[in-house]
Amino acid sequence: MLHAHSIKLRFWMIVVVVWVAAISASAVTVFFSARPHLAYNQARTLDSLAETTVLRLRDVLLQETMILEFMARQPALVSAAMGLEDDSFLLSDYLETFKPSDSVDRIKLLAFDGVQIAEKIYREGTVYAFPADKRAAFLRQVIDNAEAFGTEGFTIPILHHHDGDVAHIFVATPIMFAGSLQGILAAQLEIALLDTIPTSALVSSMRLEHMFSKPGTEADVHAGDPDGAVHVDVPGYGLSLVLEPNWSVLQQAGRDLVRGTVLALSAALGAPFILLAVLGHRAIVQPHLHLQKQKKTLAELAAIAEKASDAIVVTDLAGRIEWVNDAFERLSGYKAEDVRGKSPGAFLQGPDTDPAARALVRRHLAELRPVQTEIQNYRVDGRPYWISLSISPLIDESDRPYGFVAITNDITHRRMREGQLREAQARIEHQANHDALTGLPNRRAFDQVLKMRATDPEKSEIVVVRIDLDHFKYVNDTHGHAAGDTVLVNVAQILREETKASEIAARVGGDEFVVLMGKGYGMDAARRMAERILQRIAAPIPFANCTLSVGASFGIAGTAEGLLPLEDVIVGADVALYEAKEAGRGSVRLYTPSLHARATEHRDTAAKLRGAIEGDQFVPFYQPQIDARDGSILGLEVLSRWQHPDGRLLSPDRYLPVAEKIGVLTEVDAALFRRTALEIGAINSTSRLVPKVSFNVAAQRLADPEVLDAAVALSCEANFGVAFEILESVLIDNQDTAMRYNLDKLRDAGVGLQIDDFGSGHASIVGLMQARPDCLKIDQRLIRPITGLDGARQMVSAIVDIARALGIDVIAEGVESARHAEILLSLGIHAQQGYFHAMPMSSANLRVFLQLGNEPGTAPLSEEVAEVAARRRV
Ligand code: C2E
Ligand code: CA
Ligand code: CA
């Protein structure tokens, strides 16, 4: 893979190389096509140069020889040569006068035998001295020529020496007289060859050469000389001019030609090549680089796709598979070559694939839109698996779709987990919202449904029916829990059958049920339904070898009357239910305006009660328990009173049930304990007038550790004995081990136990033996009739017998007259409590009462105390 950098470099190198090659080729072509012409022209130039030079030279020579010939005919010179004239001085003057030209250096006059007669030197110093022998030979030849030919047709021989550009030429002319040679006139010339001709850079040097052997009359050019020199004969003088071409110049010309061509071509080709480079870069290099980059990106993508952990499928526009990656093969089990060309849907999807998901995918693909979904596929071996599928169209560079890519990953585990989770959640939710035994919705579910109904925009009336089974505890206790369960399941079934689909029946407590009426069903409909249900519940249910029968009470409340806001409708139904129970079991009560008034009062009382606790308005009243034999005080029963700020004194039945209901009984009792301890403690501080104090305690509150602790503390610290009066029902509940434990704890702390209202309930002798109370307090309802009915007396007598048999004391309450006191004494009951002996009274009155003492049967109270007592009875 070439880098972009090296590709650009290569491109530029190619451009430059081609450019250079183009220039070189052109240069070579030009060189080879132009060189012969150059050489020819050079040769022609040299030739014409040579010819011009020869012509000039010949002219010079001609001129000099003509002058010489002319001089040689001068009589003075002839006579001098013949030796007739001897005045050399004259001769010199003569020669001076006839100075032939500037090129003549010297002239000599010689006798016919060559002996020098006179000599004239024109230029001293520069004269070249020909060697004597050469000169002698030359003169000999002149003489021979003259003798042979005479003056006519005589070509003057020339002796020459070459000295650089300067040719030293020795010319001679015979001096004839009367047809015979008389002497010789010789002149030495010095010709600066380069001065005679226009100099040329083409010629490096010129020289003259002899050519005796080849006399001619015309200039002759000897071309093709092996060393390249040009030879031209100087006609008539036996000389040849040799031109040495200046090779370096000639070659330089060739080189210049090439260089010029190269430079011109470089410049000329530069622009096209730059254009080529720019266009080529744009049209070839850039696209190439782009492609290469794309190729690289694609290769990387392909590698990534190939190794991706997600399964990838590429299809054409028709949805036929073109490519799949390894992960696809692993996930689906299909081999790439087996699925190519197929449509994925055709072999991956199966019977359980969600048609909606398939349709979604198809629709998006048809519209060339991306799509994501979760879908079930099948492996090659038929095993189903879940994938999250994401398909996108593939778009080419010109924005045309050409296929799809589907990326999928295996979410089978997640789906499984989700499925399990959903099931578990549903189970938990069902458990959280349903009662395990009956399968009915529980309180939580009911509350939710009620809340939903509350947001109903139609604001339809909401009617709730509270159902409480009667005698259920009895069934449970006597027939066992399985029987109880059967009853509950039966009731649930009845509720299910009697309620409509739009209604909800829930089990909200042990034997408590509630029904939310459907929309459009009011209180009357609810009452009719309740009566139907009541009838069915009351029907005996066969169980094991016996039949079970329970009843039910119904309380119905609704929002329509405007009496109740939605959040209180359940409470309203509870109030109505309470009413129903009060009215005797097996009845149906509606939350009516009058009930509402009572409930409201109850609510007000509750509010005031809280204020009373804070304001410490509960005061203990004390009713003495008397030994009827001597009138001595056995103890006191503490009875709670509410000293209302408006002056009224309220009796416990007006507020204790409310206090219990709203959960403040503990506080009321605690206040009573505290005040009693203070008041009786103070009375007993001087002398022990009160031996024992009894408190009324509800049996179920014995389980309250606070009550226990308070009793134990009081019993330890008080300067009087402490006893608890507990209703007879405790004897039934005594089977309960927790209750027994509580009683034992009280007994251990020295708290006496009295059974209150004994004889009114269902206490059994077994229960008595287990609870082991200190004392039985016979119910006033049994005591009151003893003055009339024999049976009543016998009943009391029987209780006394049982108590005696078990070693338990007996006290009678409701002793209202002397007759009662007498009869009771006759029955052996001397511990007595009642209006006959003493009224319940405040601590202040108690002090008076204790001081005055008491005579049974006589009115022991002061006027003041009696008045208080009378007021209190209201
Ligand atoms: P109880 O324990 O059976 O109390 C005796 C009730 O009979 C008292 O009514 C008392 O005033 C009344 N009484 C006493 N002698 C005679 C008589 O000769 N003839 C008639 N007709 N009545 C007589 P009271 O004080 O109104 O108490 C009613 C009930 O309230 C009590 O019945 C007791 O169960 C409960 N109670 C009173 N004080 C407390 C208390 O502090 N705590 C609790 N838990 N319950 C209390
Ligand atoms: Ca009592
Ligand atoms: Ca009582």
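Me: Over how many bridges do β13 and strand β14 pair?
Reply: This is a predicted model. Strand β14 covers residues 401-410, and β13 pairs with β14 in the antiparallel sense. The number of bridges between β13 and β14 is 9.

Me: Which residue takes a positive phi in the hairpin of β13 and β14?
Reply: The hairpin of β13 and β14 has 5 residues between the strands. The positive phi there is near 65°, and the residue that takes it is D399.

Me: Which residue in β13 is the bridge partner of N377?
Reply: Strand β12 (residues 371-378) pairs with strand β13 (residues 384-395) in the antiparallel sense over 8 bridges. β12 and β13 form a hairpin with 5 residues between them, and G382 in its turn has a positive phi of about 90°. In β13, the partner of N377 is Y385.

Me: Is α1 roughly parallel or roughly antiparallel to α6?
Reply: Helix α1 (residues 4-72) packs with helix α6 (residues 247-307) at an angle of about 155°, and their axes are 7 Å apart. An angle over 145 degrees counts as roughly antiparallel. Therefore α1 is, relative to α6, roughly antiparallel.

Me: How many nonpolar residues does the contact of α1 with α6 have?
Reply: The crossing in which α1 passes α6 is right-handed. By class, the contact has 10 polar residues and 1 charged residue. The nonpolar count is 26.

Notes:
Residues numbered from 1 in each chain as written. Chains lettered and ligands numbered in written order. Predicted model: local features only at pLDDT ≥ 70, side-chain atom pairs only at ≥ 80, totals over all residues. Heavy atoms only, no water. Axes fitted to C-alpha atoms, helices over the stretch in contact; angles between N-to-C directions. Helix = DSSP H or I, 4+ residues; strand = E, 2+ residues; numbered from the N terminus. Parallel < 35°, antiparallel > 145°, perpendicular 65-115°, else oblique. Left-handed = near helix turned anticlockwise from the far one by under 90°. Nonpolar A, V, L, I, M, F, W, Y, C, P; charged D, E, K, R; others polar. Pairing = 2+ DSSP bridges.
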